[in-house]
Amino acid sequence: MTIRRRYLCAALCLSVLAAAGPAAAARPVVTYLKSLYTPDYLQFKKRIVGRFAEEHAAPMTPLAPPLGRRYPGDKVIALTFDACSGRNSGYNEKLIEYLRAEKIPATLFITGIWMDKYPAKFRELAADPLFEIENHGLLHRACSYAGMKKYGVNTVSEIGDMVDEMELGARKIQAATGRRPVFFRPAAAFTDSICMGVAQALGMEVVTFSLLSGDAVPRVPARTIRDNILKRARPGAVVIMHFNRPEWHELEALKQAVPILRARGYSFARLEDFSINEN
Ligand SMILES: [Zn+2]
């Protein structure tokens with residue numbers, strides 16, 4: 001069965017409201033990006049941009065479905081947690097400790113900005129085999145060829161900027177961990193067919209979510225997050241949450257939901273262990 005990921009972006013990742021990040025000051029962003037531009041990278045970027053030159057005239061499908069992935073059909077759920085950017089972006093240590101204590105594998109989508117803010121925490125997470133580190137973009141910029149915006153997050157609409165966001169984010173993680181991420185989740189989990197194509201050209205698979213926990217809704221209580229998870233849990237569900245806002249209520253929600261899910265026969269897996277190789 002193919003996972004059908006929904007694009008219900010409502011109320012998703014409100015953390016990104018304050019996550020305009022460095023783009024709020026254009027010059028530091030340009031300077032930062034330039035510091036990452038090696039001659040090899042610029043050549044690479046030019047090739048990718050050239051490949052998409054024809055696409056400019058092609059009709060764009062907003063919110064195109066991502067590449068299909070397959071899962072065993074067993075009662076397996078992927079818990080995924082984003083580390084967005086922004087002034088209020090922190091580290092929910094108690095949540096991570098809980099996942100460790102309960103031996104719950106999880107996938108962490110991390111931005112380059114968060115890596116810079118918490119280098120020691122990042123190294124610690126990357127060294128833990130319980131966690132899979134994936135790419136949430138270099139600067140936490142949403143990706144829309146048509147320039148559509150979600151939740152006030154800065155959006156990239158130029159192909160070259162998309163390559164910077166995806167590829168430089170992946171290279172930053174690879175440089176720090178020795179492993180190139182295989183999945184890319186754009187800021188606000190928002191994408192379109194052109195962004196999907198660019199990701200594919202870069203060898204990445206775009207992953208949004210199929211189960212919106214609602215953890216980012218302002219003042220949402222733990223019981224609502226818990227109920228969302230329990231009501232929507234299905235074999236192969238990809239649950240989206242965050243681990244960069246310790247004041248949110250994912251931990252309490254999971255403490256209540258996980259025993260119930262386990263009693264229902266569910267287990268948890270990282271995304272990279274989640275799919276079946278069709279070959
Ligand atoms: Zn985010």
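Guide: β1, helix α3 (residues 93–101) and β2 form a right-handed β-α-β unit. Please bear in mind that the model is predicted.

Visitor: In which sense do β1 and strand β2 pair, and over how many bridges?

Guide: Residue F81 stands opposite L108 in β2. Strand β2 covers residues 106–110. Its pairing with β1 is in the parallel sense, and the number of bridges is 4.

Visitor: Which residue is the bridge partner of A78 in β9?

Guide: Strand β9 (residues 238–242) also pairs with β1 in the parallel sense, over 5 bridges. Within β9, the bridge partner of A78 is V238.

Visitor: Which residue in β10 is the bridge partner of I77?

Guide: Strand β10 comprises residues 267–268 and runs parallel to β1, with 2 bridges joining them. The partner of I77 in β10 is F268.

Visitor: How many of the 8 residues of β1 are buried?

Guide: Strand β1 spans residues 76–83 and is mostly covered. A residue is counted as buried if 20 or more other C-beta atoms lie within 10 Å of its own. In β1, the number of buried residues is 7.

Visitor: What is the count of buried residues in α2?

Guide: Helix α2 (residues 39–51) reaches 19 Å from its first C-alpha to its last, close to the 18 Å expected. The helix has 13 residues and is hardly covered. The count of buried residues in α2 is 0.

Visitor: Are α3 and α9 roughly parallel or roughly antiparallel?

Guide: The axes of α3 and helix α9 (residues 250–263) come within 9 Å and cross at roughly 20°. Angles under 35 degrees count as roughly parallel. The arrangement of α3 and α9 is therefore roughly parallel.

Visitor: Which residues of α3 and α9 make the contact?

Guide: On the α9 side, the contact involves E250, L251, L254 and K255. On the α3 side, the residues are K94, L95 and Y98.

Visitor: Why does L125 count as buried?

Guide: Residue L125 lies in helix α5 (residues 119–126). The threshold for burial is 20 or more other C-beta atoms within 10 Å. L125 counts as buried because its C-beta neighbours inside 10 Å number 22.

Visitor: What distance separates the C-alpha atoms of L125 and I96?

Guide: Leaving aside residues up to four places away in sequence, L125 touches L108, F131 and I133. I96 is 29 residues from L125 along the chain. The separation of their C-alpha atoms is 8.8 Å.

Definitions and conventions. Residues numbered from 1 in each chain as written. Predicted model: local features only at pLDDT ≥ 70, side-chain atom pairs only at ≥ 80, totals over all residues. Expected span 1.5 Å × (residues − 1). Buried ≥ 20, exposed ≤ 12 C-beta atoms within 10 Å, placed from the backbone. Pairing = 2+ DSSP bridges. Right-handed = clockwise from strand over helix to strand, strands pointing away. Axes fitted to C-alpha atoms, helices over the stretch in contact; angles between N-to-C directions. Parallel < 35°, antiparallel > 145°, perpendicular 65-115°, else oblique. Contact = placed C-beta atoms within 7 Å.
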